[in-house]
Amino acid sequence: MSNRITNKQKQAACSDHSEPPNRWMKLWTVRKLRREQLDSELEEIEPRLRTPGSRDPRALRKRHDRCPVCEAKLVKLGKKRRYPRRCVTCGAVHQKPLRCPSCGTHRVWAGRLGRWCRGCGRPFEA
């Protein structure tokens, strides 16, 4: 960034007064940086793409505090305790022997609404 104001420039601006830069000077330089236009080099750079996790439709099914089958919030077993392996809302239970074919983990939950993997968030079809 060519429009960055360095400490040398701050000291040079205050050298005629023979005192160090005060708080107002620092706020003024930050304000000046915010209101200046960006260089043409920076405008040509493409905007950075967002991470796929923020747009993931299966994000709620992967969370540790949600039921992967009905996406309801799980209630902890006690204060500062673990989350249960059973959903009170839909009755889904963690099935340890089942292995997900897409991600290969033993994180499949099964209930009356279907079977879902908590690891990848996909429906379990076997």
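**Figure 1. Arg 118, a buried arginine without a salt bridge.** In this predicted model, Arg 118 is buried but makes no salt bridge. Buried here means under 20% relative accessible area, with exposed being over 50% and partly exposed in between (1.4 Å probe, protein chains only). A salt bridge needs a side-chain nitrogen of Lys or Arg within 4 Å of a carboxyl oxygen of Asp or Glu. The nearest side chain of opposite charge belongs to Asp 65, 7.2 Å away; for charge, Lys and Arg count as positive, Asp and Glu as negative, and His and the chain ends are not counted. What does the side chain of Arg 118 reach at 2.6 Å? That would be the backbone oxygen of Arg 66. This is a polar contact, meaning a pair of N or O atoms within 3.5 Å; within protein, one must be able to donate a hydrogen and the other to accept it, and residues adjacent in sequence count only if both atoms are side-chain atoms.

**Figure 2. The surroundings of Arg 118.** Arg 118 sits in the segment after β3 (114-117). Helices (H or I, at least four residues) and strands (E, at least two) are DSSP runs, numbered from the N terminus. Leaving out residues up to four places away in sequence, Arg 118 touches a list of residues including Arg 61, Lys 62, Arg 63, His 64, Leu 74 and Trp 109. Contact means heavy atoms within 4.5 Å. Arg 58 is 60 residues from Arg 118 in sequence, yet their C-alpha atoms are 9.5 Å apart. Arg 58 itself is in the loop between α3 (40-44) and α4 (59-62), and beyond its neighbours within four places in sequence it contacts Cys 120, Gly 121 and Arg 122. Arg 58 counts as partly exposed, at 28% relative accessibility.

Figure 3. How many salt bridges does a search of the whole structure find? The count is 4. Asp 65 pairs with Arg 63 at 3.2 Å, N to O, and with Lys 73 at 2.9 Å, so Arg 63, Asp 65 and Lys 73 are linked in a network of salt bridges. Asp 65 is buried at 5% relative accessible area, while Arg 63 is partly exposed at 39%. Then there's Lys 62, which bridges to Asp 56 with the closest N and O atoms 2.7 Å apart; Lys 62 is partly exposed, at 32% relative accessibility.

**Figure 4. The β2-β3 hairpin.** Strand β2 (residues 108-111) runs antiparallel to β3, joined by 4 bridges. Two strands pair if DSSP finds at least two bridges between them. There are 2 residues between the strands of this hairpin, and Val 108 stands opposite Cys 117 in β3.

**Figure 5. The nonpolar cores.** The largest nonpolar core has 8 residues, among them Cys 67, Leu 74, Cys 90, Trp 109 and Trp 116. Such a core is a set of buried Ala, Val, Leu, Ile, Met, Phe, Trp, Tyr and Cys residues joined through side-chain atoms within 4.5 Å. A second, separate core of 5 residues includes Cys 100, Val 108, Cys 117 and Cys 120.

**Notes for the figures.** Residues are numbered from 1 along each chain as its sequence is written, and side-chain values use heavy atoms, with hydrogens and water left out. Because this is a predicted model, local features need pLDDT of at least 70 and side-chain atom pairs count only at pLDDT 80 or more, while totals for chains, interfaces and linings use all residues.
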